[in-house]
Amino acid sequence: MSLDQVVVVGVSAAGLTAAETLRREGYTDRLVLVDGDQRPPYDRPPLSKQLLRGEWEEEKLTLRPPAALEGLDAEWRLGVRAERLDLAAGRLALADGSDIAFDGLVVATGVRPRALPFAVGRPGVHMLRTIEDALALRREVVPGAAVVVVGAGFLGTEAASVAAELGCRVTVIDPLELPLQRQLGPRIGQRVARLHRDHGVQLLCGRGVADVRETDGRVSGVVLDDGAEVAADVLLVAIGAEPVTDWLRGSGLTIDDGVQCDEFCQAAPGVVAAGDVASWLHPTLGRLRLEHRMNATEQGMAAARTLLGKRTPFAPVPYFWSDQYDVRIQVYGRPTAADFTAVEGSLDEGPFAAVQRDASGRTTAVAGWNMPRQLRALRQALVEQQAVRC
Ligand SMILES: Cc1cc2nc3c(=O)[nH]c(=O)nc-3n(C[C@H](O)[C@H](O)[C@H](O)COP(=O)(O)OP(=O)(O)OC[C@H]3O[C@@H](n4cnc5c(N)ncnc54)[C@H](O)[C@@H]3O)c2cc1C
């Protein structure tokens, strides 16, 4: 199908890469880039790391210099949200009342943080997805502040590590028994718990938050599900995220934990999706929706190529990393909550490289703790296994 009007909705890691790929692969016609954010595209992983720590200022997060963005020869519609999609008519309605015709569409609207209903909008309560969120949190994680983090996933534990390093009194609360347990299993969870305790963080695991206390119009604590109270000057809610698909309601696209795509990242004829919002059929791993930075870039490329008729199944080895204190945790593959087994070093101390295997003994994921070189070698084993299963 030949295209002459392509619209990209969501111009961050995935959408920007899709736009660049379209141009690189020879698409020369009209290209419209729509994003609800006023800012030019920026990177999100540093929000909970260098930006929160105060090491970097926001300018450093910009994904491309202005000349590269201009070089895309695109119509930029920043600060305007897409509101409704009419697939049959090939039209996209924007929040400013305008609409745009298209014959090719890239959906890359990412995810938004899940809220704690009783904490929404209260002064001192934070979530972390945008530069504004990170700067607002940074202003409040000052030495001595009592910081409560709800959620011991990657985002919560990472932000907790920064707050602890900045001299805050940090408490992390999670209904599971260990931090990162759902993502990396109990043994690595124990190691992460120890890492945080060694830095003075109080972990209240196996507990839920039932309510928020407010004093003089500002958060002053949380009430746990067993009635106990924990004082808080700052509350960070990090309990996961949900795909941004409300603007696609009634469009005819299938939405179910993200935009449902085939193995080519295609959601409908002329419509592709990429990044955190896309749920696609990985040829060997089954249906996946990843909230991983590298996946956003790779899938942006794959989706753009599909739009241009250069269809190849999108079959990456998933990759994620997290920085906590002086530790970099890296994970390839699709880990479950089962235990990892060390293949180098020990899960209990020092650096390690570890694997997770399925019931038939096949390696399904590899994880490293300050062991980047060994992990790259283990990744190769995963690639080969994935190929064998094809
Ligand atoms: C604090 C933080 C730390 C992270 N750390 C790591 C890490 O260490 N390692 C890692 O692998 N990953 C990490 N991630 C995840 C990684 O940043 C994401 O996977 C990546 O940003 C996804 O890119 P995306 O383009 O799919 O979505 P996003 O970056 O979320 O971009 C979506 C874009 O769509 C726009 N948009 C949404 N709705 C609309 C609409 N209706 N109309 C127009 N525009 C719209 C938004 O404004 C946004 O610009 C982190 C994420 C966060 C928030």
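Predicted model: local features only at pLDDT ≥ 70, side-chain atom pairs only at ≥ 80, totals over all residues.

User: How do α1 and α7 pack, and what is the angle?
Analyst: α1 passes α7 in a right-handed crossing. On the α1 side the contact includes A13, A14 and G15, and on the α7 side it includes R293, A296 and T297. The residues of this contact divide into eight nonpolar, six polar and two charged. The axes of the two helices are 7 Å apart, and the packing angle is about 35°.

User: Back to the domains: how many Å separate the centres of domain 1 and domain 2?
Analyst: The domain assignment gives domain 1 (5-112 + 242-307), domain 2 (115-239) and domain 3 (326-389). Taken over C-alpha atoms, the centres of domain 1 and domain 2 are separated by 30 Å.

User: Which helix gives the most to the side of domain 1 that touches domain 2?
Analyst: Twelve residues of domain 1 are in contact with eleven residues of domain 2. The domain 1 side has five nonpolar, two polar and five charged residues. With three residues, the element that gives the most to that side is helix α2 (residues 50-53).

User: Is C265 buried or exposed?
Analyst: C265 sits in the loop between β18 (259-260) and β19 (266-268). Its phi is positive, about 70°, although C265 is not a glycine. For comparison, most residues other than glycine have a negative phi. Because C265 has 30 C-beta neighbours inside 10 Å, and 20 or more is the cut-off, C265 counts as buried.

User: What about D216, buried or exposed?
Analyst: D216 also has a positive phi, about 50°, without being a glycine. Its place is the loop between β13 (209-215) and β14 (218-224). There are 6 C-beta neighbours inside 10 Å, so D216 counts as exposed.

User: Which residues is E229 in contact with, leaving aside its neighbours within four places in sequence?
Analyst: E229 belongs to strand β15 (residues 229-231), and with 12 C-beta neighbours inside 10 Å it counts as exposed. R213 is 16 residues away along the chain, with 8.7 Å between the C-alpha atoms of E229 and R213. Setting those sequence neighbours aside, E229 is in contact with R213, G221 and V223.

User: How far in Å are the C-alpha atoms of A337 and P186 separated?
Analyst: A337 is found in the loop between β24 (327-333) and β25 (341-345). A337 is partly exposed, with 15 other C-beta atoms within 10 Å, and beyond four places in sequence A337 is in contact with Q181, R182 and G185. A337 and P186 are 151 residues apart along the chain, and their C-alpha atoms are separated by 7.3 Å.

User: Last one: which residues is I188 in contact with, leaving aside its neighbours within four places in sequence?
Analyst: I188 has its place in helix α6 (residues 181-198). Because I188 has 26 C-beta neighbours inside 10 Å, it counts as buried. L128 is 60 residues from I188 in sequence and 24 Å away in space, C-alpha to C-alpha. With those sequence neighbours left aside, I188 is in contact with L180, F340, L347 and A367.

Note on methods: Residues numbered from 1 in each chain as written. Helix = DSSP H or I, 4+ residues; strand = E, 2+ residues; numbered from the N terminus. Axes fitted to C-alpha atoms, helices over the stretch in contact; angles between N-to-C directions. Left-handed = near helix turned anticlockwise from the far one by under 90°. Contact = placed C-beta atoms within 7 Å. Nonpolar A, V, L, I, M, F, W, Y, C, P; charged D, E, K, R; others polar. Domains from an automatic or database assignment.
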